[in-house]
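Please keep the sequence and the structure in view while reading.

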Amino acid sequence: MNKKKAFITGITGQDGSYLAEILLEKDYEVYGMVRRSSTFNRSRIDHLQGELELVYGDLGDSSVLNQLMRTIRPDEVYNLGAQSQVHISFDVPEYTADVVGTGVLRLLDAIREGDLHCRFYQASSSEMFGKVVEVPQRETTPFYPRSPYGVAKVYGYWITRNYRESYGMHATNGILFNHESPRRGENFVTRKITLGVGQILRGETDKLRLGNLDAKRDWGYARDYMEGAWRMLQQEEPDDYVLATNETHSVRECLEVAFGHAGLDWQQYVEVDERYIRPAEVDELIGDYSKAKAQLGWEPTVRFEELIRMMVDADR
Ligand code: NAP
Ligand code: F7E
């Protein structure tokens with residue numbers, strides 16, 4: 001029997017690397033789209049070299065997306081590529097809208113134009129809930145994004161639903177709450193903290209500068225969430241699902257767990273730096289994953305404290 005073909009945008013990122021591992025374990029032929037860049041940025045997928053097919057492309061370039069869809073003809077497409085940093089989206093709002101918003105349309109349209117009957121996964125985000133209007137947040141909670149990134153993700157979510165409803169595409173939104181791992185980008189707060197702990201332990205620095213310590217997030221483990229993304233595309237019908245842990249913790253609590261695990265008192269090292277405060281903040285998120293549990297049999301396996309300790313151990 002022919003192997004199933006999966007196509008992943010954002011394969012060099014945290015989630016792309018875990019999803020590639022999961023799909024290879026399930027015996028898929030995995031194609032990953034990478035961007036041309038002046039520096040080498042494939043450290044997260046180095047260990048998969050030889051097992052993956054890497055192809056050049058960019059979510060900003062519809063001609064290459066069209067060509068890739070026509071030639072590869074994947075069975076499943078996972079759109080994980082994004083300018084994914086919320087704070088940076090305030091500095092480059094138009095670029096963020098183009099890649100995070102219009103990029104989804106370009107990829108969906110390449111699938112439609114190529115007359116592919118593949119399944120499509122869109123990496124939607126809890127940032128769409130922003131200034132929340134319901135607690136906890138679930139699939140039916142109205143959106144109120146608070147950043148150019150969040151606004152662009154709302155467009156990506158709706159264009160995915162629109163292509164599902166207009167053209168009968170098997171297009172699904174995974175509305176994922178924050179998920180972390182030792183492979184998390186170094187500018188996101190959990191990783192910035194666990195890297196900071198490592199640097200302090202090695203005597204490389206004695207300061208960690210952060211922004212809003214009161215923000216609360218629902219933090220889970222990235223590998224769990226990518227297993228959930230795969231399960232979504234195995235459903236007969238396309239739909240939208242929240243993945244979360246249904247727990248919320250503040251940045252301050254993250255500091256307590258991370259520094260505490262290393263036997264340090266965070267208050268001696270952390271300084272609040274105005275540069276990391278956002279023009280508009282998402283104060284508190286907590287997700288209700290009961291639909292994913294009931295329909296996908298999905299549950300998080302790693303909880304907050306274990307996750308942060310895992311990241312400190314990797315960074316120390
Ligand atoms: P990440 O580590 O920042 O990875 C982003 C990936 O997108 C990288 O491979 C990056 O490539 C690629 N990319 C950036 N601009 C691109 C462009 N113009 N065209 C094609 N690819 C581009 O993000 P992540 O944490 O793995 O998240 C994966 C997806 O889930 C993103 O869409 C993110 O917005 C979304 N999401 C993440 C979370 C979370 O908590 N992690 C939660 C909800 C949703 P380079 O390596 O070349 O920069
Ligand atoms: O911030 C506060 C910050 O950048 C979390 C992305 O994957 O998840 C991620 O977005 C909180 C915010 O993640 C610093 O103000 C304090 O309240 O780790 P973060 P995020 O903005 O929640 C969602 C679901 C996505 O979709 C995104 O792609 O921590 N915070 N001090 C800080 N944040 C950062 N980055 N750096 C600080 O120094």
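## Ligand 1 and its surroundings

A polar side-chain atom of D58 lies 2.9 Å from a nitrogen atom of ligand 1, a polar contact, that is, a pair of N or O atoms within 3.5 Å (within protein, one must be able to donate a hydrogen and the other to accept it, and residues adjacent in sequence count only if both atoms are side-chain atoms). Taken alone, ligand 1 exposes 900 Å², of which the protein buries 89%; accessible areas come from the Shrake-Rupley method with a 1.4 Å probe, and for residues only the protein chains shown count as cover. This is a predicted model, in which local features need pLDDT of at least 70 and side-chain atom pairs count only at pLDDT 80 or more, while totals for chains, interfaces and linings use all residues. Residues are numbered from 1 along each chain as its sequence is written, chains are lettered from A and ligands numbered from 1 in the order in which they are written, and side-chain values use heavy atoms, with hydrogens and water left out.

In total, 27 residues surround ligand 1, the closest being T12, D15, R35, S84 and Y149; a residue is near a molecule or strand if one of its heavy atoms lies within 4 Å of it. This shell divides into 11 nonpolar, 11 polar and five charged residues (Ala, Val, Leu, Ile, Met, Phe, Trp, Tyr, Cys and Pro count as nonpolar, Asp, Glu, Lys and Arg as charged, and the others, Gly among them, as polar). The largest share, three residues, comes from β5.

## Ligand 2 and its surroundings

Which residues are closest to ligand 2? They are S84, S125, Y149, R278 and E281, among 21 surrounding residues. The shell comprises eight nonpolar, seven polar and six charged residues.

A backbone N or O atom of S84 lies 2.7 Å from an oxygen atom of ligand 2. The side chain of K192 has an N or O atom 2.8 Å from an oxygen atom of ligand 2, and a backbone N or O atom of G211 lies 2.8 Å from a nitrogen atom of this ligand. The protein covers 94% of the 700 Å² of accessible area that ligand 2 has on its own.

## Helix α1

Helix α1 (14–25) is one of the elements that each supply at least two residues of the shell around ligand 1; helices (H or I, at least four residues) and strands (E, at least two) are DSSP runs, numbered from the N terminus. Because 11 of its 12 residues are buried, α1 is largely enclosed by the rest of the structure (buried means under 20% relative accessible area, exposed over 50%, partly exposed in between, with a 1.4 Å probe and protein chains only). The cover over these buried residues includes β1, β2 and α7. After α1 comes D27, whose phi is positive, near 70°.

I111 lies in helix α4 and, at 0% relative accessibility, counts as buried. Its contacts (heavy atoms within 4.5 Å) include M69, V77 and F120, not counting residues up to four places away in sequence.

In helix α8 (residues 251–261), the buried residues are V251, C254, L255, V257, A258 and F259. Their cover includes α6 and α10.
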